[in-house]
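Biologist: Could you take a close look at one part of this model, the strands and what lies against them, and say how far the prediction can be read there? Please state your cut-offs as you go.

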Amino acid sequence: MNETLVEQDPGSTVGDAPVNSMMTPPPATASQVVVPAQGCSSCSAPVARATAQAASDPWVYVIGDVDPRYPSLSVEKEAMGTMARAKVTGLSNDAALHSILGMQENAYLVREMCFVLLVQEVETYILVPRSPLDYPMLVEACKTERSAVIGTIGPVADPSACNGLTLPYLIFDVIYNFDRSALIADLPLPKGAAEQKFRAAAADIFNQIVSLAPSGRFMERAVAFLLMKDPQFYQVIWDALNNNSQLTSVETKPAPVTSPSQNLVDVMVTTTDRGTGVQTCMYARVNLSGKLPYVVNYWQRCIRP
């Protein structure tokens, strides 16, 4: 796996449609502006509600790390005082903050905090729950190694919202919290595979492929979804590795559709035999028409012209 090269070939084609490498996602032709709605004291109105302005794909499926931030000095001072009163001794700064945010009596402080999603250690989104009942998801996400966040893209935050950060809001509906080792350990073992060897290869696959979905938008959503939800994705690559091949590229292209309402994407995995140089391509078709992706056609050979 240390020889893996993820290639970009904008000029290549599969069928009649151009191939787009996940290394450079195609620019959006339209965007959706999502304006967080103001909560009210007498109702349970969502803190964030999407307001669409002519976009075909406003959704996000992204894998990253959730980091709590102090939006202002006053919130930081309040948190410091809360830690002192709670006597959270023997804990690091991060652990102490996570501890007090998890206490029910400090729910008001959770609502004051700013939660930033880092993708590959890059600050990418400011997370906002669609419902105020979902703040506990953020607290739990701060305690875990990785989080897969599904939601809707929003406008860029004002610098005053999160201590100077000007990032897009991500209004989330669900957060799947996990650590990589547990995700890999839950993958079904291919028939005849040595477990230790397969788990090590799967971890390598995850680390390389997750870098191809830095924003979790547009066709990147299909890659992030397969990494999280499709064990066959790992097995297809493992079968090639186990037969003296190497991973050459992971690409996406719009799939042929009969209805303009369908947003189907083909995720193609190309491997190359180390001895003969012969390439093999396998693809799965993912439906991205809604916020929650799903597989339409499971893995099969690509049809090359």
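Modeller: Five strands form a closed barrel in the order β4-β5-β6-β8-β7, with mixed pairing, where two strands pair if DSSP finds at least two bridges between them, and strands (E, at least two residues) and helices (H or I, at least four) are DSSP runs numbered from the N terminus. From one strand to the next the twist averages 55°; angles run from 0 to 180 degrees between N-to-C directions, and axes are lines fitted to C-alpha atoms, for helices over the stretch in contact. This is a predicted model, in which local features need pLDDT of at least 70 and side-chain atom pairs count only at pLDDT 80 or more, while totals for chains, interfaces and linings use all residues. Residues are numbered from 1 along each chain as its sequence is written, and side-chain values use heavy atoms, with hydrogens and water left out.

Strand β7 (residues 146-156) is mostly covered, since nine of its eleven residues are buried, that is, under 20% relative accessible area, against over 50% for exposed and partly exposed in between, with a 1.4 Å probe and protein chains only. On one pairing, β7 runs antiparallel to β4 (residues 59-69) and is joined to β4 by six bridges, with Gly151 of β7 as the bridge partner of Val60. On another, nine bridges join β7 to β8 (residues 168-178), again antiparallel, and here Ile153 has Leu170 of β8 as its bridge partner.

Helix α4 (residues 135-143) lies across β4, β5, β6, β7 and β8, at about 65° to β8, contact meaning heavy atoms within 4.5 Å.

As for confidence, pLDDT is the predictor's confidence in each residue, from 0 to 100; the chain has a mean of 82, and 81% of its residues reach 70 or more. Over residues 1-54, however, the pLDDT is below 50, although this stretch has 118 contacts in the model beyond near neighbours in sequence. Where pLDDT is low, the predicted coordinates should not be read in detail.
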